[in-house]
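Please open the model in a viewer and keep the selection panel at hand. The stops below are given in the order in which they may be selected.

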Amino acid sequence: MENSICFCDTGLLFDDCCGLYLRNNQKALSALALMRSRYSAYATHNADYLLETTYITERKYYSKAEILKWATSNKWQKLEILSFTENTVEFKAYFLNAENVPQIHYEFSTFKFENGTWFYVDGKFE
Ligand SMILES: [Zn+2]
């Protein structure tokens, strides 16, 4: 992958943004950074990262195949952060579905910090 502008809309280069976590195995230092990196993981079809950054007790609700299908069947266009706290992030993800119809995924996500690592726990959707 070339070093282009990051998917998560910070305006930073990928290598200086989510690439730190997705490519160089650094740990996201905040729930917001983890959330942004998970969006970039969808955009780059990195199902392993999405599973690894899901809190362990929640992983049973997901399968790598389903994550990969969701990631690859949509075209990820933009992430918009609406609000965030230390352990929550409210956002909209803009994408085109398989029929190229514009969609917006709204979510209020909760994260947990454990053993020096941030994890995605779950989300509320409206
Ligand atoms: Zn990023």
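Select Asn25 first: at 67% relative accessibility, this residue counts as exposed, where exposed means over 50% relative accessible area, buried under 20% and partly exposed in between (1.4 Å probe, protein chains only). Asn25 sits in the loop between H1 and H2; helices (H or I, at least four residues) and strands (E, at least two) are DSSP runs, numbered from the N terminus. Its phi is near 60°, a positive value in a residue other than glycine. Most residues other than glycine have a negative phi.

The model is predicted, so local features need pLDDT of at least 70 and side-chain atom pairs count only at pLDDT 80 or more, whereas totals for chains, interfaces and linings use all residues. Residues are numbered from 1 along each chain as its sequence is written, and side-chain values use heavy atoms, with hydrogens and water left out.

**The zinc site**

Next, select the zinc ion. Which residues coordinate the zinc ion? The donors are the SG atoms of Cys6, Cys8, Cys17 and Cys18, at 2.2 to 2.4 Å. Donors are N, O and S atoms within 2.8 Å of the metal (3.2 Å for Na, K and Ca); water is not among the atoms, so sites may look incomplete.

Along the sequence, the donor residues follow the spacing C-x1-C-x8-C-C. Cys8 and Cys18 both lie in the segment before helix H1 (19–22), so this pair ties together parts that are ten residues apart in sequence. Cys8 is buried, with a relative accessible area of 0%, and Cys18 is buried as well, at 1%.

Angles may now be displayed at the ion. The four donor atoms subtend angles of 100 to 117°, which makes the arrangement tetrahedral; four donors count as tetrahedral if all angles lie between 85 and 135 degrees. The ideal angle for four tetrahedral donors is 109.5 degrees.

**The strands**

Turn to strand S1 (residues 75–84), which pairs with S2 in the antiparallel sense over eight bridges; two strands pair if DSSP finds at least two bridges between them. A hairpin through three residues joins S1 to S2. Select Ile81 to find Phe91 of S2 opposite.

Proceed to strand S2 (residues 88–96), which pairs with strand S3 (residues 102–114) in the antiparallel sense over nine bridges. Seven of the nine residues of S2 are buried, so the strand is mostly covered.

S2 and S3 form a hairpin with five residues between them. Asn100 is partly exposed, with a relative accessible area of 44%.

Continue to strand S4 (residues 117–124), paired with S3 in the antiparallel sense over seven bridges. Lys112 stands opposite Phe119 in S4. The hairpin of S3 and S4 has two residues between the strands, and Asn115 there takes a positive phi near 50°.

**Pockets and cavity**

On a 1 Å grid over the protein atoms alone, a cavity is a set of points where a 1.4 Å probe fits but cannot get out, and a pocket is an open set with protein on both sides within 12 Å along at least five of seven lines; lining residues have an atom within 4 Å of a point. Grid points are joined across faces, edges and corners, and a volume is the space filled by probe spheres set on the points.

The largest pocket holds about 410 Å³ of space. Of its 20 lining residues, Arg38, Tyr42, Trp70, His105 and Glu107 are the closest to its centre. Helix H2 (31–43), helix H4 (64–73), S2, S3 and S4 each supply at least two residues of this lining.

The second largest pocket has a volume of about 190 Å³. Its lining includes Tyr21, Asn25, Leu34, Glu52 and Trp118, and helix H3 (47–52) and S4 each supply at least two residues.

Finally, select Arg38, Tyr42, Leu50, Thr54, Tyr62 and Ile67, which line the largest cavity. That cavity has a volume of about 30 Å³.

How values were computed:
Four donors count as tetrahedral if all angles lie between 85 and 135 degrees; four count as square planar and six as octahedral if opposite donors are over 155 degrees apart and all others between 65 and 115; anything else is irregular.
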